[in-house]
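This report describes selected local features of one structural model. The sequence and structure are shown first, and the description follows.

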Amino acid sequence: LDALASSSPTPGGGSAAAWTCAEAAALVSMVARLTVGKKKYQAVEPQMWALIEQAEPLRAQLQDAVAEDAAAFEQVMQAFKLPKDTPEQLETRRAAVQQATLLAASVPLETAAKALSVMRLAEIAVENGNVNAITDAATAAHLAAAGLTAAAANVSVNIAGLEDEKKRSEFQSELEALKREKEAILTRVAQLVTDRSQITLI
């Protein structure tokens, strides 16, 4: 957190998004572990173990993405520092900036995709997990949704610098698909929480 609060541009929003999603994955695992071994939830125990088996690798990957996102943006900054005194240097610099920008957009897009995977697991935890931990499962869904939105913002700001219009369009289409499913999951999660616990999410 000290590094995040510093004047250094890295780690930044993309890293924070990945960390937030890792927290969400951890909460999914927690809810699943609070469900297994309980007689009341015996029927869903295999499903809960499956949640843990999926959530834990996602948590590890998202933790790794914290450093990966920072490293990707560092490459962009280094590319912009390349010399530009001759036409050859300008072309080398342009190509390096484009390559680094593509990576800087790809890393948070992967974070956003993993965030959606966490949201899918969180929805299952909300629907079938220990009702005493339903707000923890809902928190997982909302943290992952926030991380997805934040990661997507970092994709958008980076693709703005891409010269390849086809690539920009591909990134944008993926973001729109992620947004649609994110919103659908949040709607279902809110209803599930109300149905199972009479709690209204705000």
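Glu-56 is partly exposed, with a relative accessibility of 21%; the classes used here are buried for under 20% relative accessible area, exposed for over 50%, and partly exposed in between, with a 1.4 Å probe and protein chains only. The model is predicted: local features need pLDDT of at least 70 and side-chain atom pairs count only at pLDDT 80 or more, whereas totals for chains, interfaces and linings use all residues. Residues are numbered from 1 along each chain as its sequence is written, and side-chain values use heavy atoms, with hydrogens and water left out.

The side chain of Glu-56 forms a salt bridge with that of Arg-59, at 2.6 Å from N to O. The term denotes a side-chain nitrogen of Lys or Arg within 4 Å of a carboxyl oxygen of Asp or Glu. Arg-59 is also partly exposed, at 28% relative accessible area. Both residues belong to helix H3 (residues 45-80), and because they are three residues apart, about one helical turn separates them. Helices are DSSP runs (H or I, at least four residues), numbered from the N terminus, while strands are runs of E with at least two residues.

## Further salt bridges

In the whole structure, a search finds eight salt bridges. One of them joins the side chains of Glu-163 and Arg-94, again with an N to O distance of 2.6 Å. Glu-163 lies in the loop between helix H5 (134-159) and H6, and Arg-94 in helix H4 (residues 87-128), so this pair ties together parts that are 69 residues apart in sequence. Glu-163 has a relative accessible area of 46% and is partly exposed; Arg-94, at 33%, is partly exposed. A network of salt bridges links Glu-91, Arg-94 and Glu-163.

Within helix H6, Glu-183 and Lys-179 are four residues apart, about one turn of the helix. Their salt bridge has its closest N and O atoms 2.9 Å apart. Glu-183 is partly exposed at 38% relative accessible area, and Lys-179 is partly exposed at 45%.

## Backbone features

The peptide bond between Thr-10 and Pro-11 is cis, with omega near -5°. Pro-11 is located in the loop between helix H1 (2-5) and helix H2 (13-33), and Thr-10 is found in the loop between H1 and H2. Thr-10 counts as buried, at 9% relative accessibility. Its side chain makes a polar contact of 2.6 Å with the side chain of Glu-74. A polar contact is a pair of N or O atoms within 3.5 Å; within protein, one must be able to donate a hydrogen and the other to accept it, and residues adjacent in sequence count only if both atoms are side-chain atoms. Leaving aside neighbours within four places in sequence, Thr-10 is in contact with Ala-70, Phe-73, Glu-74 and Met-77, where contact means heavy atoms within 4.5 Å.

Gln-198, a residue other than glycine, has a positive phi near 60°. Gln-198 is in the segment after helix H6 (165-197) and is exposed, at 61% relative accessibility.
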